[in-house]
Amino acid sequence: MLGACGTGAETVDEVVARYLQARGGAERLRGVQTLRMTGRVVLPGIEAPLVLELKRPDKVRTEFTVEGQLSIRAWDGRVAWVLSPVPGATPQPVPPDQAAELKAQADVDLSPLVDTEAKGFSVDLAGRESGPGGETWKLVVLGGAGSPRSLFVDVASHLVVRTEEVGTLEGAEVPFVTEVDDSRTVDGLVYPHRLRSGPRDDPEAWQIVEIERIDVNPPLDDARFSPPTAPAPQ
């Protein structure tokens, strides 16, 4: 549920409502059953083509091509699996922590602010902040398997421009940041086309995702999200 507290002249319900309107409207968002995003991911020393596919209610598949070898990470609503980019590799189940991460990514809406309660989240308004890009509202999202997330909603555009959360890196808890920009309209809905993310205190290690094309409601068979030989459910 949405938190009842308000800050300044806004309430959390008003901030979320304006975000949904800026994205194209809640009903139009709910009409998206499948999504395909095609682009590239840039890491220090690596650049790879990327394809992200999502299907309601809880399926996700991410493909990378590294030095001509295909890498896949996917969740079919039942099992999480990975195909490593090495010759002769076969699909393998992933550890529980990675499975939880994949499950969290399986959101066609790309946001916990769409149908918040149904997804098991609550949202509180933590205040208004000034940053290099201008004024933002800070929303704190609670619930789900991960730690609380902070979403920063631009006061002018009403879109999320930054997220912050605590993740694990080499066994230690580390604050992670994602910067979101280059929002464009596709089939009446607004999607970001560039994301920069990584450890907050090490921007040189951040990865960049650049989206070149988004297909709304492409035909995606359920089998595309399952491994050729399914491992045991986690």
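Is Asp187 buried or exposed? I looked this up before anything else. Asp187 is exposed, with a relative accessible area of 53%; buried would mean under 20%, exposed is over 50%, and partly exposed is in between, using a 1.4 Å probe and protein chains only.

**Ground rules.** I'm working from a predicted model, where local features need pLDDT of at least 70, side-chain atom pairs count only at pLDDT 80 or more, and totals for chains, interfaces and linings use all residues. Residues are numbered from 1 along each chain as its sequence is written, and side-chain values use heavy atoms, with hydrogens and water left out.

Most residues other than glycine have a negative phi, and most peptide bonds are trans. I went looking for exceptions. Asp187 has a positive phi near 50° and is found in the loop between β13 and β14. Strands here are DSSP runs of E, at least two residues long, numbered from the N terminus. Glu67 also has a positive phi, about 50°. I found Glu67 in the loop between β5 and β6 (69–75), and Glu67 is exposed, at 81% relative accessible area. Pro57 has its place in the loop between β4 (46–55) and β5 (59–66).

**Thr34.** This one lies in strand β3 (residues 34–43). Thr34 is buried, with a relative accessible area of 7%. Its side chain reaches the backbone oxygen of Pro218 at 2.6 Å.

**Rings.** I searched the whole structure for aromatic pairs and got 0; to pair, rings of Phe, Tyr and Trp (its six-membered ring) need centres within 6.5 Å, with planes under 30 degrees apart called stacked, over 60 edge-to-face and the rest tilted. I did find the charged end of Arg128 over the ring of Trp137, 5.2 Å from its centre. For that, CZ of Arg (or NZ of Lys) must be within 6 Å of the ring centre and within 35 degrees of the ring normal.

**Second largest pocket.** I noted about 360 Å³ of space in it. A pocket is an open set of points on a 1 Å grid where a 1.4 Å probe fits, with protein on both sides within 12 Å along at least five of seven lines; lining residues have an atom within 4 Å of a point. Of the 18 lining residues, the closest to the centre are Pro132, Gly133, Val161, Arg162 and Glu179. Elements giving two or more residues to the lining include β9 (121–131) and β10 (134–143).

Notes: Grid points are joined across faces, edges and corners, and a volume is the space filled by probe spheres set on the points. Helices (H or I, at least four residues) and strands (E, at least two) are DSSP runs, numbered from the N terminus. A polar contact is a pair of N or O atoms within 3.5 Å; within protein, one must be able to donate a hydrogen and the other to accept it, and residues adjacent in sequence count only if both atoms are side-chain atoms.
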